[in-house]
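Thanks for coming, everyone. Let me put the structure up, and then I'll walk through it.

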Amino acid sequence: MPREGAMTGRTYTSLGADRRPYQSPTPGTLGGHRRGRLYGRLDCPAALRAIANGGYVTNRVFFADEATAIAAGFRPCGTCLPERYAAWRHPREESR
């Protein structure tokens, strides 16, 4: 079965770990906000609310996976990824 963008010729702009955009035939699995430097699920209620209110879209970016988002310096969303956000916000201190 062909990949989503393969038949239509549609491409999606994603952000790589180096924070440079690249074209992909498949959409990213996570969305993010370039100015806020955060990432989250594509169905994130906070992002969808911001988009519905007319904001967010011009700074919207997409990532292939979570590792790429983190490598690009983005943090998890507190709304749709609360456990990951809490771990990012309060990392465990290494034992001495």
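Phe 63 is buried, at 0% relative accessibility. Buried here means under 20% relative accessible area, exposed means over 50%, and partly exposed is in between, with a 1.4 Å probe and protein chains only. A word on the source: this is a predicted model, where local features need pLDDT of at least 70, side-chain atom pairs count only at pLDDT 80 or more, and totals for chains, interfaces and linings use all residues. Residues are numbered from 1 along each chain as its sequence is written, and side-chain values use heavy atoms, with hydrogens and water left out.

Now the overall layout. The protein chain has four helices and six strands. Helices (H or I, at least four residues) and strands (E, at least two) are DSSP runs, numbered from the N terminus. Along the sequence the pattern reads α-β-β-β-β-α-β-α-β-α. Of the 96 residues, 30% count as buried.

Next, the sheet. Four strands make an open sheet, in the order S5-S3-S4-S6, with mixed pairing. Which strands stand at the edges? Strand S5 (60-63) and strand S6 (75-76) do; each has a single partner strand, so one side of each has no neighbour in the sheet. Two strands count as paired if DSSP finds at least two bridges between them. Strands of a sheet pair through backbone hydrogen bonds, parallel or antiparallel. Strand S3 (residues 30-33) pairs with S5 in the antiparallel sense, over four bridges. In that pairing, Gly 32 stands opposite Val 61 of S5.

Back to the rings. There are two aromatic pairs in the structure. The ring centres of Phe 63 and Phe 74 are 4.9 Å apart and the planes are at 70°, so this pair is edge-to-face. The rule: rings of Phe, Tyr and Trp (its six-membered ring) pair if their centres lie within 6.5 Å; planes under 30 degrees apart are stacked, over 60 edge-to-face, and the rest tilted. This pair links distant parts of the chain: Phe 63 is in strand S5, Phe 74 is in the loop between helix H3 (66-71) and S6, and they are 11 residues apart.

Is Phe 74 buried or exposed? Phe 74 is buried, at 5% relative accessibility. Beyond its neighbours within four places in sequence, Phe 74 is in contact with residues including Leu 15, His 33, Leu 38, Val 61 and Ala 69. Contact means heavy atoms within 4.5 Å. Arg 37 lies over the face of Phe 74, 5.5 Å from the ring centre. For that, NZ of Lys or CZ of Arg has to be within 6 Å of the ring centre and within 35 degrees of the ring normal.

Both Phe residues turn up again in the core. The largest nonpolar core has 15 residues, and Tyr 39, Phe 63 and Phe 74 touch the most other members. Strand S4 (38-41) and S5 are the elements that give two or more residues to this core. A nonpolar core is a set of buried Ala, Val, Leu, Ile, Met, Phe, Trp, Tyr and Cys residues joined through side-chain atoms within 4.5 Å.

On to helix H4. Tyr 85 and Trp 88 both lie in helix H4 (residues 82-89), three residues apart, about one turn of the helix. Tyr 85 is partly exposed, at 25% relative accessible area. Trp 88 is partly exposed too, at 44%. Arg 75 lies over the face of Trp 88, at 5.5 Å from the ring centre.

How many salt bridges are there? The count is two. A salt bridge is a side-chain nitrogen of Lys or Arg within 4 Å of a carboxyl oxygen of Asp or Glu. Asp 43 and Arg 41 form one, at 2.7 Å from N to O. Asp 43 is partly exposed, at 46%, and Arg 41 is partly exposed at 35%. Glu 66 bridges to Arg 84, with the closest N and O atoms 3.0 Å apart. That pair joins distant parts of the chain: Glu 66 in helix H3, Arg 84 in helix H4, 18 residues apart.

Last stop, Ser 14. Ser 14 sits in strand S1 (residues 12-15). At 2% relative accessibility, Ser 14 is buried. Leaving out neighbours within four places in sequence, its contacts are Arg 20, Pro 21, Tyr 22, Gly 28 and Phe 62.
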